[in-house]
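Keep the structure open while you read.

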Amino acid sequence: MEAAVEKTALKGGEFLIKETDAQDIFIPEEFSEEQKMMAAATMDFIEKEINPNTERIENMEEGLMPSLMDKAGELGLLGVTIPEEYGGLGMSFNTGMLIADMMASAGSFSTAYGAHTGIGTLPILYYGTEDQKKKYLPKLATGEWKACYCLTEPDSGSDANSGKTKAVLSDDGKHYIINGQKMWISNAGFADVMIVFAKIDDDKKLSAFIAERSWDGITMNDEEKKMGIKGSSTRQVFFNDLKVPVENLLSERENGFKIAVNILNIGRIKLGAGCINGCKDVASKSTQYANERKQFGVSISSFGAIKQKLAKMATKTYATESASYRAGQNIEDLIDKLIADGMDVTQAKLKGVEQYAIECAMIKIHGSEVLDYCVDEGVQVYGGMGFSEEAPMARAYRDARITRIYEGTNEINRMLIVGMMFKKAMKGEIDLLGPAMEVGKELTGVPSFETPDLSVPLAKEKEVVKNLKKAVLMAAGKAAEKFGPKLDQEQEVLMSLADMLIEVYVVESTLLRTEKLMEQYGEEGSSLYQNMAKLYLHEAVARIKNAGDEAVACFAEGDELRVMLMGMKRFTKVDPINTKVLRHAVADVMIKENKFPYSLYN
């Protein structure tokens with residue numbers, strides 16, 4: 001437990017102003033044998049139950065998805081993080097991330113799985129009374145009952161608290177009578193339990209309720225016809241005088257919005273992790289096709305343009321995987337510390353995730369956009385066959401698109417990242433002002449010429465990351481100074497700043513993981529990981545420079561703009577490397593292995 005306490009020294013968002021030691025982060029190569037067995041069992045389930053039934057799932061064969069959920073429940077996959085006393089396996093937060101990661105290649109089933117185990121179950125686990133937990137969690141853990149989450153309405157998307165669904169206490173005080181409409185409800189077609197959000201009387205904030213499908217007053221539209229995840233159930237749900245017993249109010253009156261926000265934090269980081277194995281699957285299939293496909297008398301995998309695509313898929317996936325499990329373990333370590341300090345287990349889990357809400361949003365954005373990159377390039381590697389429904393890329397391409405929309409659009413999440421960072425600073429939780437002022441002095445004074453210890457692994461690369469953090473502090477500090485409280489209205493600036501923050505966190509996570517792997521495998525044995533880390537660093541530097549230039553140009557002009565652009569150039573310097581050679585080295589491993597270049601769990 002002491003080690004876990006030490007690892008929580010950095011608060012959420014503090015990565016920007018403090019250095020992290022490689023020994024203080026978790027890397028997925030450190031998963032225990034038990035965790036690897038769970039991952040293997042999940043992959044076995046996908047291979048045996050999901051992949052052979054893909055067409056049946058996509059055609060929404062009656063009763064098939066619920067039956068697959070039942071089988072997942074029998075294996076314990078629906079109750080991974082539910083405590084044992086409620087019928088679950090009681091495993092750790094990062095184990096739950098790992099299973100979400102494995103499910104990423106399960107297509108439409110992954111949506112049904114995520115909606116049930118995440119937003120459908122967690123509100124009860126984290127906010128339910130003891131009676132509510134005892135009644136619902138055991139059945140949700142086994143899959144006897146399936147769950148859905150009814151928040152979104154036709155006129156409320158990102159502004160969830162603007163929902164119009166109403167709840168009124170009955171005359172006898174025994175029920176809340178709910179009337180309203182919800183839409184885009186995953187699992188609605190077969191869910192037994194519904195987490196329903198509504199405003200009681202004229203309340204300004206939402207309240208949350210647990211409803212059962214068997215009760216009178218619930219009707220639905222037909223299944224939505226969607227671009228992707230076609231096999232998942234998505235319906236509009238109507239509540240017409242639905243009588244919900246008062247004891248099924250979840251948490252307290254007007255606490256629904258807080259529930260929604262906190263559960264979405266968990267959903268975001270698990271969604272990010274839930275893209276990783278999808279990226280690996282696409283990269284593997286692309287490699288296999290490139291090896292098989294002959295043009296001009298040779299396999300297209302021998303072409304530089306194809307090697308570049310394969311290597312970029314692997315590199316970006318390695319980066320998002322590194323960041324995801326770093327953040328996941330930070331959450332887990334804080335949960336352990338809070339419990340050790342005497343906090344209630346449920347409260348500790350909520351506080352642990354809440355502390356790292358910034359990182360949760362960043363992982364969601366990065367994971368979903370890397371997946372989008374991989375499926376797009378996967379189609380391109382397949383060429384004409386990529387556009388055919390007979391090949392696997394068409395479905396992967398369609399299915400991936402939703403990940404940038406649900407759990408809060410990536411645009412909303414970008415703005416939240418910066419807003420949460422500044423809010424922490426204003427509350428005194430993290431000191432952004434001091435480091436930002438130091439960067440300002442450096443910008444107008446003599447630059448530091450401290451020589452790093454080059455005997456340390458990746459020393460030069462880590463110095464680059466230190467300067468990238470200065471670039472973010474410079475741009476963010478000046479933006480806050482210029483706009484003050486109105487910064488939250490400058491959406492373009494916020495999104496550019498968010499891009500800078502995301503890249504700093506991800507590239508630092510990638511280098512720290514690689515440093516650990518260098519110690520574990522040696523210089524030669526870790527060459528693949530070093531190549532990917534160096535490639536990602538150069539991509540990140542370019543993106544941070546571009547986003548920084550765009551941000552400062554939005555609020556500075558004349559001499560001030562020229563000084564800031566010079567500062568951005570100074571803080572985003574990196575020694576040139578031959579990216580072609582490094583990408584070929586990564587791709588050659590993939591081509592030889594005929595799959596994603598490394599394997600963690602089997």
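Start at Glu442: with a relative accessible area of 15%, Glu442 counts as buried (buried is under 20% relative accessible area, exposed is over 50%, and partly exposed is in between, using a 1.4 Å probe and protein chains only). Bear in mind that this is a predicted model, where local features need pLDDT of at least 70 and side-chain atom pairs count only at pLDDT 80 or more, while totals for chains, interfaces and linings use all residues. Residues are numbered from 1 along each chain as its sequence is written, and side-chain values use heavy atoms, with hydrogens and water left out.

Glu442 has a partner, Lys470, and the two form a salt bridge (a side-chain nitrogen of Lys or Arg within 4 Å of a carboxyl oxygen of Asp or Glu). This pair links distant parts of the chain, with Lys470 in helix H17 and Glu442 in helix H16, 28 residues apart. Helices here are DSSP runs (H or I, at least four residues), numbered from the N terminus.

| Salt bridge | Closest N to O |
|---|---|
| Lys470 and Glu442 | 3.0 Å |
| Glu321 and Lys280 | 2.7 Å |

Glu321 sits in helix H11 and Lys280 in helix H10, so their bridge ties together parts that are 41 residues apart in sequence. Glu321 is buried at 0% relative accessibility, and Lys280 is buried too, at 7%.

Asp44 and Lys48 tell another story: both lie in helix H2, four residues apart, or about one turn. An α-helix has 3.6 residues a turn, so residues three or four places apart point the same way. Asp44 is partly exposed at 37%, and Lys48 is exposed at 56%.

How many salt bridges turn up in the whole structure? The search finds 43. Some share partners, joining Lys316, Glu503, Glu539, Arg543 and Arg583 into one network.

Now for the nonpolar cores (buried Ala, Val, Leu, Ile, Met, Phe, Trp, Tyr and Cys residues joined through side-chain atoms within 4.5 Å). The largest has 109 residues, and Phe197, Leu497, Met500 and Leu501 have the most contacts inside it. Helix H18 (residues 491–525) gives the largest share of this core, 13 residues. Apart from it lies another core of 41 residues, including Ala283 and Tyr598.

Finally, helix H9 (residues 256–273) is mostly covered, with 15 of its 18 residues buried.

How values were computed:
Helices (H or I, at least four residues) and strands (E, at least two) are DSSP runs, numbered from the N terminus.
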